[in-house]
Amino acid sequence: MSRSRTERLVNLVICLLATRRFLTAAQIAQTVPGYEHNAAEPREHEAFQRKFERDKAELRELGVPLETGTASVFDTEPGYRIARPAYALPDVILEPDEAAAVGIAARLWQHAGLASAASSGLLKLRAAGVDVDSQATLGIEPVVTVEPTFAPLTGAAADRQAVTFEYRAPEADAPTRRRLQPWGVVCWRGRWYVVGKDLDRDAPRCFRLSRIVGEVRRTGPAAAYQLPEGIDLIDYVARWSGPPEHRGHARVRLRHGRAAGIRRWAERVTAHHDGDVAVLRYSDPDSLAGYLVGYGADVVVLDPPEVCDAVVALLERTAARYPETTSAATDLPAAPAWSGESR
Amino acid sequence: MTASVDRLSRLLNLVPYLLGRPGIRLSDAAADLAVSERQLRDDLELLWVCGLPGYGPGDLIDMSFDGDTVTITYDAGIDRPLRLTQDEALALIVALRLLAETPALPNRGSVERALAKIESAAGDAADTAGRVAVRLPANTDRLGRVQEAVRRGRALRITYYTAGRDETTDRVVDPMRVLFAAGRAYLEAWCRRVEAVRLFRLDRIDAASELDEPASPPPQAQPTRLPDGIFQPTPELPLVTLLVGRDARWITEYYPCENVVEEPDGRWRVSLRASDLTWARRLVLGLGPGVEAVAPGQLRDAIGADARAALAAYR
């Protein structure tokens, strides 16, 4: 925005805040610097009208509440003013510890999409007289990442307006277009999901925000549907993405001092002369087999047969895929230095 | 929001901000507003020529400069900041909720009171944030104990499980902070064993005891920057190439990949940095037939040898 346009808009806000009467576009043009034109000249007048429309849109984007109305019953042309109570942030009185919490909260977005919204919000609080210590810490802090579709989806859910987006599940070859009435957005185990009614499947669904490709577009009117009552969105996502119930029990033999990961996870481990026997709970024999096979010869499945068979089948396919080579270099080098311990 | 709208918003809020802080140093104000001092001076010059209709000396916004300080002497009626927009309310309210949800937070009360006040000040703009629900991992005793050690500034002896090498080790660490990322809690600490800063997943700390000595991370112990998540692959780590079938494509969401290319047969050729090849070996073995290791050759050899050794036990 040019300097002169910014100046004009600041003056427009000051003027409309100061007036109690509604001012028509013509009155504004005569008052606020930057709108001067010859109203009798049609081209000049049209240019002014376009300029004024753009400026109004800009102010609305900023959240400036423009009120329209007529100054008296005899006026036919609508006028404008800004109602001070709707414009101004109400008093916010925060104790120092509360202000520190707000400062820390605003910093959470420093790596994520809402950083600029957080800092402009913080500026407004400061302008309302809150002293925010930007150095405060809590000794514990969440690191938040969020996808760019977060704000558009929550906005659409608040306005109860349907959206469309391209969604790509990793097992699909190409993204598919989905139509959704969003109910809300959920952060569960560090991942973001949108929950709502899938209009093509006519059933509730949830979608991971990280799998949405491109933009989210609103479609149809706002306030087009009701949010279902009594639904706990987190519960819904947890059930959808949660691990299945572990019903089965498997017994495996572990080499002494090996397979630390299995030992940590086992229900119990008992020592035997030829190795330790661990009891594991599982739901799906194939996924348990995949996990166990990762430990190679350190683990032997004792029972049940369904797990044993799954492991043998996996190992046979693996052995066939990686035939023995003449090189004897199967010993891996020692682990290189690495800056994290998270895996 | 576009940069231009950003500036207009800043200008409108700058007047009430300065009004409440007569005689503030320009450098302090610039730091609070996250702009350069030069930008701030430019903003003030612009405001100086704005004001009430009439636009005479008594109508324009006025301010006095004294050395490097500024005082607003006439505000032309913009003495209050604008209301929070939907996005601003969303950013502040959701972040406060995330904080309030953080287990073992020392001063949850402050966060909850701040949240209530911001929600009330935001008014209708808080509606959008009302459509967001957050939940972080459940509380644990261990988290409380580690958090306490960080707060008291004590060194810790921990028993830690390293999944990459499938081993459990004892080490003494100097705690720096506890943080939550991607839904998990971590202790960031100087590890005296490896003499480097490490992130320890709390669910892999099998035992922790506070030592009778202060935590003293050396000066070179810098907090990890976490713009892209916890695992930050570095070029010196071994590069592993895998051919990934449809059912195992999820690994590209789970691990940071250097490159993903679709092959003619529909499989994905995926390159990623492995913390070490032992980890890569267990990953590939565990993923089963859906994933084939392509390179390095020694990884293929190790996987094949592992599978044959394991099969021998069933024959």
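## Report on a predicted two-chain model

Helix 10 (residues 285-293) of chain A lies across strand 10, strand 12 and strand 13 of chain A, running at about 145° to strand 12 of chain A. Helices (H or I, at least four residues) and strands (E, at least two) are DSSP runs, numbered from the N terminus. Axes are lines fitted to C-alpha atoms, for helices over the stretch in contact, and angles run from 0 to 180 degrees between N-to-C directions. Helix 11 (residues 305-321) of chain A lies across strand 10 and strand 13 of chain A, at about 145° to strand 13 of chain A.

This is a predicted model, in which local features need pLDDT of at least 70, side-chain atom pairs count only at pLDDT 80 or more, and totals for chains, interfaces and linings use all residues. Residues are numbered from 1 along each chain as its sequence is written, while chains are lettered from A and ligands numbered from 1 in the order in which they are written.

### The sheet of chain A

An open sheet of 4 strands in chain A has the order 11-12-10-13, with antiparallel pairing. Strand 11 and strand 13 (299-303) of chain A stand at the edges with a single partner strand each, so one side of each has no neighbour in the sheet. From one strand to the next, the twist averages 30°. Two strands pair if DSSP finds at least two bridges between them.

| Strands of chain A | Bridges | Bridge partners |
|---|---|---|
| Strand 11 and strand 12 (residues 275-282) | 5 bridges | Ala271(A) and Asp276(A) |
| Strand 10 (residues 248-254) and strand 12 | 7 bridges | Gly248(A) and Tyr282(A) |

A hairpin joins strand 11 to strand 12 of chain A through 2 residues. A residue is buried if 20 or more other C-beta atoms, placed from the backbone, lie within 10 Å of its own, exposed if 12 or fewer, and partly exposed in between.

Arg251(A) is found in strand 10 of chain A. This residue counts as partly exposed, because it has 16 C-beta neighbours inside 10 Å. Leaving aside neighbours within four places in sequence, Arg251(A) is in contact (C-beta atoms, placed from the backbone, within 7 Å) with Val277(A), Val279(A), Leu302(A) and Asp303(A).

### Where the chains meet

The contact between the chains takes 111 residues from chain A and 131 residues from chain B. On the side of chain A that touches chain B, helix 1 (residues 3-18) of chain A gives the most, with 11 residues. That side divides into 64 nonpolar, 28 polar and 19 charged residues. Here Ala, Val, Leu, Ile, Met, Phe, Trp, Tyr, Cys and Pro count as nonpolar, Asp, Glu, Lys and Arg as charged, and the others, Gly among them, as polar.

Helix 5 (residues 96-107) of chain A packs with helix 4 (residues 86-101) of chain B at an angle of about 105°, their axes being 8 Å apart. The two helices are therefore roughly perpendicular to each other (65 to 115 degrees; under 35 is roughly parallel, over 145 roughly antiparallel and the rest oblique). Among the residues making this contact are Ile104(A) of helix 5 of chain A and Leu96(B) of helix 4 of chain B. The residues of this contact comprise 9 nonpolar, no polar and no charged.

Strand 6 (residues 176-188) of chain A also pairs with strand 4 (residues 132-135) of chain B, in the parallel sense over 4 bridges.

### Confidence

The predictor gives the complex an ipTM of 0.78 and a pTM of 0.76. Chain B averages a pLDDT of 86, where pLDDT is the predictor's confidence in each residue, from 0 to 100.

How values were computed:
Contact = placed C-beta atoms within 7 Å.
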